[in-house]
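Please look at the structure as we proceed.

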Amino acid sequence: MTQTVTVTGMVLSSAPIGEFDRRIVLLTKEKGKISAFAKGARRPTSHLLGIVNPFSFGEFTLYEGRSSYNLMQGKITNYFTELRENVEAAYYGFYFMEFAGYYAKEYTDETESLKLLYQSLRALLNSHLSNELVRYIFELKLIAVHGEGPQVFSCLGCGKKEGPFVFCSRRGGILCGNCKNQEPDAIHLDNSTLYTLQYIVASPIGKLYTFTVSDEVLRRLRKILKRYKDVYVEQKFKSLEMLELVSGVKD
């Protein structure tokens, strides 16, 4: 027996199925990451035509069957149209959605992940913020939201809270001068970079995109996130490869 459910979420991806249908992946607050079939969504006259595209955010009404969901209707509150019109920002957005999908699971509370994704896409439209900085904030905060963030408030070796510190990806956080000796590849942290890491990890999502950083801090963030993801993120992202080609910024 089927039942109707309404969820708040965003379309992460959409793929054609058969001649007229689509299969979408949704990141939702209530049910985590789920797939749904949108029957007839590729027909020009379908009422589902405008709600099954990536970036579409709103409420989705689904039939929950024994083994799958079927999309019945949707009320979209943000299509992120401006994002679609900016090629580089759009590729950042596609990467953010793929990265969010990597961490999200079915039937888990993904309220924080969805809020972070939504705010990060909005930040890509802010001309005062570097898209590259938005990316590193999003990556680090999403990793932290899912319980795999680095320790950036005290030394992993002795618990010391005052620097100077280095960042060690293999150990999963910062080390003081006395504890860093066995980690020759650790990255030196200046105060500005350390404070930036601490702010991202500790701040509410609504206050994340309220600052800018120097080129040097951005360079250190790039290096830190690259090494940290190499250790703790197992998947390679096709959207990231495309983003690097478009933006010219490589890990």
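Let me begin with a definition: helices and strands are DSSP runs, numbered from the N terminus. Please also keep in mind that the model is predicted.

With that numbering, glutamate 30 lies in the loop that runs between β2 (21-28) and β3 (32-38). Glutamate 30 has a relative accessibility of 41%, and therefore counts as partly exposed.

I turn now to a nonpolar patch. Which residues form the nonpolar patch on the surface? They are Val87, Met242, Leu245 and Val246, and together they have about 350 Å² of accessible area. Helix α7 (residues 238-247) supplies the largest share of this patch, namely 3 residues. Leucine 245 is placed in helix α7, and because its relative accessibility is 62%, leucine 245 counts as exposed.

Finally, let us consider the cysteines. How many disulfides does a search of the whole structure find? The search finds 0. A disulfide requires a pair of cysteine sulfur atoms within 2.5 Å. For cysteine 168, the closest cysteine sulfur belongs to cysteine 155 and is 10 Å away, which is too far for a bond. Cysteine 176 is likewise in no disulfide, and its nearest cysteine sulfur, in cysteine 179, is 3.7 Å away.

Are these two residues, cysteine 168 and cysteine 176, buried or exposed? Cysteine 168 is buried, with a relative accessible area of 4%. Cysteine 176 is buried as well, with a relative accessible area of 1%.

Definitions and conventions. Residues are numbered from 1 along each chain as its sequence is written. This is a predicted model: local features need pLDDT of at least 70, side-chain atom pairs count only at pLDDT 80 or more; totals for chains, interfaces and linings use all residues. Side-chain values use heavy atoms; hydrogens and water are left out. Helices (H or I, at least four residues) and strands (E, at least two) are DSSP runs, numbered from the N terminus. Buried means under 20% relative accessible area, exposed over 50%, partly exposed in between (1.4 Å probe, protein chains only). Patches are made of residues with over 30% relative accessible area and no salt bridge: like charges are joined within 9 Å, nonpolar side chains (Val, Leu, Ile, Met, Phe, Trp, Tyr) within 5 Å. Accessible areas come from the Shrake-Rupley method with a 1.4 Å probe; for residues, only the protein chains shown count as cover. A salt bridge is a side-chain nitrogen of Lys or Arg within 4 Å of a carboxyl oxygen of Asp or Glu.
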